[in-house]
Amino acid sequence: MARCDTFEVRPRSHRDTLLLLELLDASAACNNQVNYDRRQTLFETTDNADNRVSVSKLKSTVKQAVTQEEYRQQYIQILSSSTPQQLVQKNWEPWKSYFSLLSKYRDPNNSTVADRPSPPGYWKEDGKRTPRTVIRNDQYTLELGDRSRLEIPVGMDLKEKYGLGYHERVRLEVAGKPRWTGKQGRLEIVYDRDTETFTAYRTVGDEDNPPRRRDSYQPISLATTSSGETVVAAVDIGANNLAAVTTSQGNHRLYHGRPAFDTFHAHTERIAELQSILGDNVWSSKQIRDTYHTRGEQRNHAMDALIRDLGEWLAERGVTELIVGALGDVRKKHWSATVNEKTDLFWAHGRFRRRLDGVLEFEYDITVTEKSEAGTSSMCPACRSDDVHRSGDLLQCHSCGREGHSDIAGSVNFLQKHAAERIEIQTSGSMARPAATGEDTKVDGSQNSVPCLEWNDHAWTVEHDGHSTKEAPANQSTSHETGNVAPGVSDD
Ligand SMILES: [Zn+2]
């Protein structure tokens with residue numbers, strides 16, 4: 001997924017205007033020449049063939065008709081080394097769409113394309129070339145601030161002609177408020193002859209690094225603990241509790257999943273109800289599809305908000321690495337029909353992991369490491385005894401008598417298992433419980449109160465009084481409202 005920011009580009013002098021126009025016009029000439037070669041190849045291949053050429057054969061012939069190197073050689077003196085290559089690549093994009101349409105047009109079983117598609121046209125308007133260029137992501141610098149500046153490369157001929165130094169780039173002023181932040185993609189600059197203005201389009205983000213909105217962006221000062229030591233965290237992924245997190249400095253955070261799951265489950269029941277009233281030989285309906293869609297959207301919304309909340313929280317604590325469990329472990333840990341609905345559908349672990357990895361690593365500079373959770377859920381984090389009794393959210397140790405939240409205990413053990421050899425972990429002895437339970441401060445003094453967050457359809461917030469203002473959906477047990485010690489998995 002990529003997004004685009006738009007800026008107005010203002011050359012600082014008449015000289016720079018002429019230089020920029022010349023650069024854009026030469027780029028358009030390069031693109032049009034590439035396009036001409038591809039069109040000629042298409043027409044020749046189609047005309048000369050005795051038999052009809054397949055679309056895939058046609059596509060590869062047209063693609064190979066031009067090489068980046070040939071255009072680099074031809075335009076390097078004006079456009080610099082990387083821009084011709086960008087133009088050749090950019091020119092291929094409309095061609096890909098063209099061939100996709102052509103194969104649909106030729107396919108007798110596909111009636112979506114009725115008219116023969118036309119091959120891509122030139123960058124041209126009213127008989128004149130459209131001044132336009134594409135600059136590779138690592139070749140330009142965009143500095144945003146009170147006076148934003150853009151620097152782009154030009155070839156040696158233009159440097160000489162306009163009096164730029166050997167290593168100099170063209171420096172331009174830009175105006176406009178960026179809406180996105182993230183990995184910088186390529187930059188396109190287009191000149192509009194009618195308004196005599198230059199506009200720059202900067203691509204932000206890609207498939208692996210989704211862009212994020214600037215509105216919600218708060219710069220965070222990263223990774224500074226008082227002593228400057230490494231801080232690692234581990235997350236225990238569960239069913240009733242979506243995520244329980246512990247840092248090596250002894251901080252905990254818990255995301256209680258029940259309210260979000262109840263909403264999800266109500267949709268699931270609605271789908272079943274709608275399916276039961278379908279006529280014979282009818283397998284779905286618009287209403288069913290809409291309900292599926294809503295269910296997924298709401299789940300994704302809650303999940304994405306959780307990841308962002310977690311990212312902020314970890315970054316504030318200087319965490320540089322997060323240890324997460326593998327999906328197989330999560331399944332083994334909570335094996336029942338209801339829980340499968342939770343982990344497979346609601347929790348959508350695969351999506352969660354992709355988002356978690358992307359957001360944490362890209363936006364917060366936190367490395368996500370996958371490790372085995374085996375053996376971490378049935379051990380006392382205080383005395384390391386495995387003589388424990390686990391009942392839903394409560395873990396009781398028969399050896400030392402301590403009790404605490406089972407998923408928090410799991411995350412402490414998980415952290416101990418994988419990070420204890422590398423760093424000092426300050427959670428030993430901790431048997432933490434959510435602050436909102438209101439029934440337990442007796443355990444062992446420090447660090448046993450954990451913020452427990454619940455999803456209220458908008459945000460993950462701490463439910464201090466232990467009850468949600470949102471009513472539970474019909475047909476749902478409300479027994480979990482007696483406190484944050486939710487019913488155990490086996491009780492569901
Ligand atoms: Zn114990």
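This is a predicted model: local features need pLDDT of at least 70, side-chain atom pairs count only at pLDDT 80 or more; totals for chains, interfaces and linings use all residues.

Residues are numbered from 1 along each chain as its sequence is written, and side-chain values use heavy atoms, with hydrogens and water left out.

Start with the big picture. The protein has eleven helices and 23 strands; these are DSSP runs, numbered from the N terminus, with helices being H or I of at least four residues and strands E of at least two. Of its 492 residues, 48% count as buried. Here buried means under 20% relative accessible area, exposed means over 50%, and partly exposed is in between, using a 1.4 Å probe and protein chains only. Now take contacts, meaning heavy atoms within 4.5 Å. Among those between residues at least 6 apart in sequence, 69% join residues at least 24 apart.

Next, the aromatic rings. A pair of aromatic rings is described by the distance of the centres and the angle of the planes. Rings of Phe, Tyr and Trp (its six-membered ring) pair if their centres lie within 6.5 Å; planes under 30 degrees apart count as stacked, over 60 as edge-to-face and the rest as tilted. That rule gives eight aromatic pairs. Take W92 and F99: their ring centres are 6.1 Å apart and their planes sit at 40°, so this pair is tilted. W92 is buried at 8% relative accessibility, and F99 is buried too, with a relative accessible area of 2%. Another pair is Y255 with W460, where the centres are 5.5 Å apart and the planes are at 90°, so the pair is edge-to-face. Y255 belongs to strand β14 (residues 252-256) and W460 to strand β23 (residues 460-462), so the pair ties together parts that are 205 residues apart in sequence. Both Y255 and W460 are buried.

The charged end of R132 sits over the ring of W123, 4.5 Å from the ring centre. The rule for that is NZ of Lys or CZ of Arg within 6 Å of the ring centre and within 35 degrees of the ring normal.

Now for two helices. How do α6 and α7 run relative to each other, parallel or antiparallel? The axes of helix α6 (residues 258-276) and helix α7 (residues 286-316) come within 9 Å and cross at roughly 170°. These axes are lines fitted to C-alpha atoms, for helices over the stretch in contact, with angles running from 0 to 180 degrees between N-to-C directions. Angles under 35 degrees count as roughly parallel, over 145 as roughly antiparallel, 65 to 115 as roughly perpendicular and the rest as oblique. α6 and α7 are therefore roughly antiparallel. Among the residues making the contact are F264, H267 and I271 of α6, along with Y292, R295 and Q298 of α7. The residues of this contact split into five nonpolar, eight polar and three charged. In that sorting, Ala, Val, Leu, Ile, Met, Phe, Trp, Tyr, Cys and Pro are nonpolar, Asp, Glu, Lys and Arg are charged, and the others, Gly among them, are polar.

Most residues other than glycine have a negative phi. D126, though, has a phi near 50°, a positive value in a residue other than glycine. D126 is in the loop between β2 (124-125) and β3 (128-129) and is exposed at 79% relative accessible area. D365 also has a positive phi, about 60°, without being a glycine. Look for D365 in the loop between α10 (349-363) and β16 (367-371); at 57% relative accessibility, D365 is exposed.

Last stop: V154, in the loop between β6 (148-152) and α5 (156-162). V154 is buried at 4% relative accessibility. The C-alpha atoms of V154 and L79 are 5.1 Å apart, although 75 residues separate them along the chain. Leaving out residues up to four places away in sequence, V154 touches several others, including L19, L23, I78 and L79.
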